[in-house]
Amino acid sequence: MLAQYSDWFYIAAVAVYVLAMVLHAYAQAAVRTRRPVLVGAGGTPADIPAAEEQPARAVGARAANMGVSVAVLGALLHLASIVARGLATERWPLGNMYEFISMITFAAVVTWLVMLRRVPAARSAAPWVLLPIVVLMTLGGTALYTAAGPVMPALRSYWLPVHVTAIAISSGLLIVSGVASILFLLRSGSGVPAAIAERMPTADVLDRVAYRVMIVAFPLYTFAVVAGAVWAEAAWGRFWGWDPKETVAFVAWVIYAAYLHARATAGWRTGRAAWINIAGLTTMIFNLFFINLVVAGLHSYAGVG
Amino acid sequence: MRTSPFAVLRNAWRGLTSMRTALVLLFLLAVAALPGALLPQRSLNLNLVDQYFTDHPDLAPLMDRIGLFDVFAAPWFAAIYLMLMVSLIGCVLPRSVEHLRALRTPPVATPRNLGRLPHHATGPVDGTPDEVADRVRALLRGWRSAERTEERAGAGVREFSAEKGYLREAGNVLFHLAMVGLLVGFAAGKLYGYEGSVIIPVGNQFCNSGILGYDSFRAGLRVDGTELEPFCLRIDQFEASYRADGQAADYRAEIGYQTTSDLDEGSTAEWRPATLAVNAPLRVDGLRVYLMDHGYAPRFTVTFPDGQQRTGEIQWRVVDPSTLLSEGATKFERPGITDEEQRRTSQLAITGLFAPTSSGGDVVTSVFPALRDPEVAVDVLRGDLGLDDGRGQSIFQVDQRQIESGALQRVARANLVPGQEITLDDGTVIRFDGVNQWVGVQVSHDPGQDWVLVFAIAVLIGITLSLTIRRRRFWVRLQAADTEGRTVVELGGLARTDRAGYGEEFDRLRAELLGPEKKDG
């Protein structure tokens, strides 16, 4: 019963995110000329309407505002889906890959919405940020879908809410940061048609988004790995055993550490750092799909197949 | 031009401790760890490694030679992380010294031209320079600040320089030093720790007295097995509960144990009660005892034609974890035979499958993991088990070569439920008495792991401080204005770290001193 509602909320959330994407895309199509983006130090929300006074832009601005509101609605539906799933199964709703992806994408959407308040100039990146979220959720809701049910004894521990939630939230953050770095490279490179590139936020704004999200994501991800080690010590007899999932998590951690070092190294600060961030994101995605589904290990909880 | 050996060393050291080298080493570490996840590893699963050798007979030996099946023990992996550690220490120690020095020096003097800074503002305010100076001092509470007065163009100019966010560098240093500590703790565990696993039938006991007591034992490099922490353990009861679909719901074992001091005092009759469960090991005397797995041990009684009886109960191994279908071999030697040849050729083995909840029918299989309706499907083999040829033998199987050579022959085949028996051609009767349970227990010792946890927490604190705190500078210059009772205020701000947004804070400070809506720059 509740499980059914959870599934409906999930589907509704995906649909609403798609609608938000469409609205944002429409908002950008409505902008015909190069749009001045304010790159003040932490521009205030008041900057945006000032830049969009002409009527042609007013339509676009309304659509973009609606896009943000609709995304907020989607996030609420998404949250309702997660909560209903938890109530239906009477456990923390992070017991298989479907639930994990649901939590990651929810974290990514919330990260994006919070980021919009801090860096309003990043708003025009919305369709590109929502795209991977919608793709992930579609995959999660179809190929990886798992019916609501209890989990194996090893997963019944108070460390599950701590470790897996921290991993999911940090993964969501890292996705937003990684997408910002991809957009940064597209924006600053020449490979993208100007019509698309010019409608994105400036390279500087994208770079700032990537970094500001990362400085929250990295400590949280570190905490998640440490919490996992503490749990493994109680569950598997050792705190670290180079299980494939652990190894790839370690690899991703090292890559993100390299990103932070690159930010402090002359000549690596922007372009190369962005590439490193993308390498990190690739590793995280690899860890999510390949290691979960193909490589056998202790972390085989995907519940698929 | 000739370079002195000292210069070469110095350059090498500088190269090794540069940020760029650290970056390269981090990449190398990431790339080097990957095969550990993608290729089967001996430390995780020997069978998969063997399978890989079978599948790739040409490639596997070459890969093995460069350590690709033991990545985390490979010398090249160690080389990378040791270089990274040297680079880290070489980078962080000078920075710690520098930071300590910075903590004792006052903030840098106010730049002559504040208008060149990324954040700056200027404007006249009400109040004499003395009054404004008081306001500046109040505003800079919490900042490390210094005040200077300079004579310029005949008038006194007051300058404030302030800096905040020293904890950022402290966090950075803490993070890196804690990483070193964490690795040292990890290494200590690998050197002085050990891990043994053993199967114990319910009702039996086990003592941590030596490597031979274990079914498998992984010793640290500095552990020879002669000085294991004395400790004894007895399995009193084991309970597993399952959901209707056969998925496990819970496992727990009620045990008794005796600590090192119990054993030293000789109080071996007393057992301290404890419960082992999933996610809940027993921690005592620096040892951790885990409940790892469980299974069944069928019990058979053999009555030989001369009336002598022998009972055998040994663990069978799980073939299908979801239904606990098990296989094994319970072996017997006929008692009371003095002739060596005859003794050797009249051995018995009961091999086959055990189903805790039998499907019934001719082909026995298990349909549920709990002990509801047990049945065995066994072959009885008689002859020479090959136990005397000096080779080790699996306790779960008979030596297949003995069957192929005809030294061991099948003499009966039957499906038995508890209480049922079969009679062999020579009058020997084999009875399936019932089933006991066994638990797999792991005993671990890792003297480094508490330190690893302490350093991991320090790593977390360090990284959080160093990423969230912003190091920033703020300058104020006060100069009496032409009109009496007014002061010209010049402000400047500089974020010393990556762009993490100093703007908002600077705007707030500016608004405090100059009032709102006076944006310039």
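1. How far apart are the end C-alpha atoms of residues 128-148 of chain A, and what percentage of the span is helix? The distance is 31 Å, with 67% helix and 0% strand. Helices (H or I, at least four residues) and strands (E, at least two) are DSSP runs, numbered from the N terminus.

2. The model is predicted: local features need pLDDT of at least 70, side-chain atom pairs count only at pLDDT 80 or more, and totals for chains, interfaces and linings use all residues. Residues are numbered from 1 along each chain as its sequence is written, and chains are lettered from A and ligands numbered from 1 in the order in which they are written.

3. Residues 209-232 of chain A are 100% helix and 0% strand, and their end C-alpha atoms lie 34 Å apart.

4. In chain A, the axes of α5 (residues 126-141) and α6 (residues 159-188) come within 10 Å and cross at roughly 130°. Axes are lines fitted to C-alpha atoms, for helices over the stretch in contact, with angles from 0 to 180 degrees between N-to-C directions.

5. A:Trp128, A:Val129 and A:Pro132 of α5(A) meet A:Ile175, A:Val176, A:Val179 and A:Leu183 of α6(A) (contact: C-beta atoms, placed from the backbone, within 7 Å).

6. In chain B, 4 strands form an open antiparallel sheet in the order β5-β7-β8-β9 (strands pair if DSSP finds at least two bridges between them). β5 (205-207) and β9 (272-277) of chain B stand at the edges, each with a single partner strand, so one side of each lacks a neighbour in the sheet. The twist averages 30° from one strand to the next.

7. Strand β8 (residues 248-258) of chain B is joined to β9(B) by 6 bridges; B:Gly256 has B:Pro273 of β9(B) as its bridge partner.

How values were computed
Two residues are in contact if their C-beta atoms, placed from the backbone, lie within 7 Å.
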